[in-house]
Amino acid sequence: MKHYCTIFDKNYLYQAVTLYNSLKKYEDFYFYTLCMDPISFDVMSGLNLDKCVVINVNQLITPEVDEVRNRTTFGQFCWICQPLLCSYILKSFDVDMITYLESDSMFFSNPDVLFEELGDNSVSLVPHNYTPKYDQSKISGEFCVQFNAFKNDTNSIKVLNYWKESCFKYTKLDSNFLPGQLCLDKWKSLFDGVKSIKNIGAGVAPWNINSFHFSNKDNVFYVNDSPIIFYHFHHFGWYLDGRFELGNYPLPKPVVIYIYGKYISELEKAENLVKQIFPDFNYRKLFSQKGTRNLSSIKDVKSFIVFIIDIIKRKLKNRYNVFMPSYFNFQSK
């Protein structure tokens, strides 16, 4: 029996349910969800998903953690909770292993191959595998927090303590400093039993998809000759007018159609499930920044010019990934 965990607030609840549903297609497992606000906790509890353990963020709060929360942004505190959650589950639920996943991920094939690659090791790492043109390893590190398995042993406890200490260095005074992310690069040199996953199907994402040849073989998606295990939908969200934002990296058209099209379809299923029980739930990851706001909301010439210039800049760089729902409905026919 596998044990997975993730973190989210009300704005990422549909993503978390989609992640859960994607795993359910391949194996029996327990899914531990750390809800960062009362609304997400109430909704996840009310859904009564099979073998889903709903955890309130207050269960992790100690005087030390509370002090860190008060000097960090909400986003930073979510990152701080990553090692705290894994440690909490290992200790409180006495599981053999817990695997942390990002809530904005979805599985496209069975993750068992990743645990086979982990083998007798204690901790897993998955590299960003940046496309060289978009390499941000100096800022964000070689490895990404997205599929981190921790066995309930001494090696993992040491890594988790180090990760926690690094995360406690976050501060709202420096939003560009990512100690909890950068410290992953040191795990292999500092600790025993840390395995870097080589399977390129793990952690396929906007920042690396252009390094691979993407193909669809009988509705199984591949990068090069490896089935995609999971895709990390970084910077995905909605606009108020219903458009989808797929992020600011160039995306090949087949990836938009098949990978993002599948994700959007699964998100709609998650939304329908939630709405059946909580019809008034109305939260999403919404974008409203300049240049990509709802066109109908623009009331003056200056804002309109900014809007158009931003679109032109993104299109010239092949980074304009804003689509109406009808685009995916059309493509699926």
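A charge is said to sit over a ring if NZ of Lys or CZ of Arg is within 6 Å of the ring centre and within 35 degrees of the ring normal. In this predicted model, the charged end of Lys217 does this with Tyr222, 4.7 Å from the centre of the ring.

## The fold as a whole

The protein has 12 helices and 17 strands. Its C-alpha atoms fill a box of roughly 60 × 45 × 40 Å along the principal axes. A compact globule of 333 residues would have a radius of gyration near 20 Å, and the protein agrees with that because its own value is 20 Å.

Of the 333 residues, 51% count as buried. The accessible surface comes to about 15,600 Å², and carbon and sulfur atoms hold 51% of that surface. Among contacts with a separation of 6 or more, 74% are between residues 24 or more positions apart.

## Strands and their partners

Strands of a sheet pair through backbone hydrogen bonds, either parallel or antiparallel. Let us start with the surroundings of Lys217. Here 3 strands form an open sheet in the order S11-S12-S13, with antiparallel pairing. Strand S11 (214-217) and strand S13 (226-227) are the edge strands, each pairing on one side only. S11 and S12 run antiparallel and are joined by 4 bridges. Lys217 stands opposite Val220 in S12.

The loop between S11 and S12 holds Asp218. Asp218 counts as exposed because its relative accessibility is 79%. Its phi is near 55°, a positive value in a residue other than glycine. Most residues other than glycine have a negative phi. A second case is Lys51, which is not a glycine and has a positive phi of about 60°. Lys51 lies in the loop between helix H2 (38-47) and strand S3 (52-56), and it is partly exposed, with a relative accessible area of 26%.

Elsewhere, strand S4 (residues 97-101) and S8 run antiparallel, joined by 5 bridges. Met97 has Lys151 as its bridge partner in S8. Strand S8 (residues 147-151) is mostly covered, with 4 of its 5 residues buried.

## Aromatic rings

Rings count as a pair if their centres lie within 6.5 Å. By this rule the count comes to 35 aromatic pairs. Two edge-to-face pairs are set out here.

| Pair | Centre to centre | Angle between planes |
|---|---|---|
| Phe108 and Phe221 | 5.8 Å | 65° |
| Phe244 and Phe328 | 5.9 Å | 80° |

Which parts of the chain does the pair of Phe108 and Phe221 link? Phe108 is in the loop between strand S5 (105-107) and helix H5 (112-118), while Phe221 is in strand S12 (residues 220-223), 113 residues apart. Phe108 counts as buried because its relative accessibility is 15%, and Phe221 counts as buried at 7%.

The rings of Phe244 and Phe328 are edge-to-face because their planes stand at 80°. This pair also links distant parts of the chain: Phe244 sits in strand S16 (residues 244-245) and Phe328 in helix H12 (residues 325-331), 84 residues apart. Both Phe244 and Phe328 are buried. They belong to one aromatic cluster, whose members include Phe236, Trp238 and Tyr263.

A further charge over a ring involves Lys2, whose charged end sits over the ring of Phe115, 5.0 Å from its centre.

Leaving aside neighbours within four places in sequence, Gln15 is in contact with Ser103, Asp104, Phe236, Trp238, Tyr263, Leu267 and Lys285. Phe236, Trp238 and Tyr263 are also in the aromatic cluster described above.

Lys285 lies in the loop between helix H10 (253-277) and helix H11 (301-316). At 25% relative accessibility, Lys285 counts as partly exposed. Not counting residues up to four places away in sequence, Lys285 touches Asn11, Tyr12, Gln15, Phe236, Gly237 and Trp238. Lys285 and Asn48 are 237 residues apart in sequence, and 23 Å apart in space from C-alpha to C-alpha.

Conventions:
Residues numbered from 1 in each chain as written. Predicted model: local features only at pLDDT ≥ 70, side-chain atom pairs only at ≥ 80, totals over all residues. Heavy atoms only, no water. Phe/Tyr/Trp six-rings, centres within 6.5 Å; stacked < 30°, edge-to-face > 60°. Helix = DSSP H or I, 4+ residues; strand = E, 2+ residues; numbered from the N terminus. Buried < 20%, exposed > 50% of the residue type's maximum accessible area, 1.4 Å probe, protein only. Rg over C-alpha atoms; globule rule 2.2 N^0.38 Å. Contact = heavy atoms within 4.5 Å. Areas by Shrake-Rupley, 256 points an atom, 1.4 Å probe, with all protein chains shown as cover. Pairing = 2+ DSSP bridges.
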